[in-house]
Amino acid sequence: MTIFHSQRGSMLLECLIGISIFSFGILAISALQANAMRHSVSSSSRTTATQLIQRIEGEMRSNASNLDSFAMARTECRSAAPSSADARRWAAAVNTNLNNAICTVAVQRNTPATSTPCSSQVTISISWPTQRGAQTGAVAGNNQGMNEATTVMHIPTILETNDPLETRHVRCGL
C-alpha cells in the first residue's frame, strides 16, 4: 500500500507537464506562421515594385527620344508630376499598389564614365514603408525603415536612317 500512496498525483503532474510542452510547441508554430505571413506580404510588395519598375522601363525604351519627360525627383508618387503622360500613369499605379511610396527616376545622358557610349543611364527607384512591423527595410539613410527596389539601365540613344537596309548611324545621342 505504501507504493500507491507515494505515487499519488504523479499522473496528474505528468499530464500537466505534457500539456505545457504541447502548448509551447503550438505557440512556437503560431509564431512561425505569423512570421511567414509577414515575409509573404513583404515578398509580394517587392514583386509588385519590380513589376512596376519593369513597366516604366519598357515605356522608356519604347520612347527613347523623350527620356527627359520621364524624370522625377525624389518625391511621393501620389504628388509626382513628370511631363510624360506615361510616367504620370506609372506614378499613379505605384501609389495605388504601394501606399505612401516614394518614386525617383533619374536620367543621365551620354555619361561616358557610367554608361556605354551613345546611351543614357536611367536609375529608377521605388521606396515604400514597411508594413505591420516587418524589419526588412533599410537600416539608415533617407530610406530608413522602408523597403526599396532600384534598377539602373542603359538605353541606346542612336538615331539611324529611315532606310531599313542601311544600318549606318547618323549621330550619337538624342
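Residues are numbered from 1 along each chain as its sequence is written, and side-chain values use heavy atoms, with hydrogens and water left out. Because the model is predicted, local features need pLDDT of at least 70 and side-chain atom pairs count only at pLDDT 80 or more, while totals for chains, interfaces and linings use all residues.

**Helix H2**

Helices (H or I, at least four residues) and strands (E, at least two) are DSSP runs, numbered from the N terminus.

Buried means under 20% relative accessible area, exposed over 50%, and partly exposed in between (1.4 Å probe, protein chains only). The buried residues of H2 include Ser 42, Ala 49, Leu 52, Ile 53 and Met 60. The buried residues of this helix pack against strands S1 (72-76), S2 (102-109), S3 (119-129) and S4 (146-156), and against helix H3 (85-97); contact here means heavy atoms within 4.5 Å. Ile 21, also found in H2, counts as exposed at 57% relative accessibility.

**The disulfide**

The structure holds one disulfide, defined as a pair of cysteine sulfur atoms within 2.5 Å. It joins Cys 77 to Cys 103, with an S to S distance of 1.7 Å. Cys 77 lies in the loop between S1 and H3 and Cys 103 in strand S2, so the bond ties together parts that are 26 residues apart in sequence. The torsion about the S-S bond of Cys 77 and Cys 103 is about 100°, so the disulfide is right-handed. Both Cys 77 and Cys 103 are buried.

**Salt bridges**

A search of the whole structure finds four salt bridges, each a side-chain nitrogen of Lys or Arg within 4 Å of a carboxyl oxygen of Asp or Glu. The table includes some of them.

| Side chains | N to O distance |
|---|---|
| Glu 57 and Arg 61 | 3.6 Å |
| Arg 78 and Glu 76 | 2.7 Å |
| Arg 89 and Asp 86 | 2.2 Å |

Glu 57 and Arg 61 are four residues apart in helix H2, and about one helical turn separates them. Glu 57 counts as buried at 19% relative accessibility, whereas Arg 61 is partly exposed at 39%. Arg 89 and Asp 86 both lie in helix H3, three residues apart. Arg 89 is partly exposed, with a relative accessible area of 48%, and Asp 86 is partly exposed at 24%.
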